[in-house]
Amino acid sequence: LKDIGKIILEDKEKISKLQETRLVVRSIVSSNPIGDEAGWIKARQSILTMTIMSENLRSASSTLGDFKDIFESFLEGKSDIKSVNIFLSDVEAFVKLVSNAK
């Protein structure tokens, strides 16, 4: 899961950087004025949102990657229910993030 998440995040970051260059930077440095300002603003917001999503997915992926360790620790009596509840709230946040991304 961690490896898949890492690959997806790397791809998302590459796409975001390429879109930033293609849609935003080229428009600003071009000698021609930006034709569709509303479209440009929407594209810029989309790129910023993608960057934020990448960061959130990276954090969530890390949290989910720790699931096995936390679960084993709980079964062995090395962690308490509070730790498990904190982890479960992180998982819930991840599920909401993924649901919102669809």
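1. A quick definition before we start: a residue is buried when its relative accessible area is under 20%, exposed when that is over 50%, and partly exposed in between, using a 1.4 Å probe and protein chains only. By that rule, Ile 81 is exposed because its relative accessible area is 51%. Ile 81 sits in helix α4, which spans residues 81-101.

2. Keep in mind that this is a predicted model: local features need pLDDT of at least 70, side-chain atom pairs count only at pLDDT 80 or more, and totals for chains, interfaces and linings use all residues. Residues are numbered from 1 along each chain as its sequence is written, and side-chain values use heavy atoms, with hydrogens and water left out.

3. Now the overall picture. The protein chain has 4 helices and 0 strands (DSSP runs numbered from the N terminus: H or I of at least four residues for helices, E of at least two for strands). Of its 102 residues, 18% are buried.

4. On to contacts, meaning heavy atoms within 4.5 Å. Take the contacts between residues at least 6 apart in sequence: 69% of them join residues at least 24 apart.

5. What about Ser 73, buried or exposed? Ser 73 counts as buried, because its relative accessibility is 18%. This residue belongs to helix α3. Leaving out residues up to four places away in sequence, Ser 73 touches Lys 78 and Ser 79.

6. Last, the surface: the chain exposes about 7700 Å², and carbon and sulfur atoms supply 58% of that (areas come from the Shrake-Rupley method with a 1.4 Å probe; for residues, only the protein chains shown count as cover).
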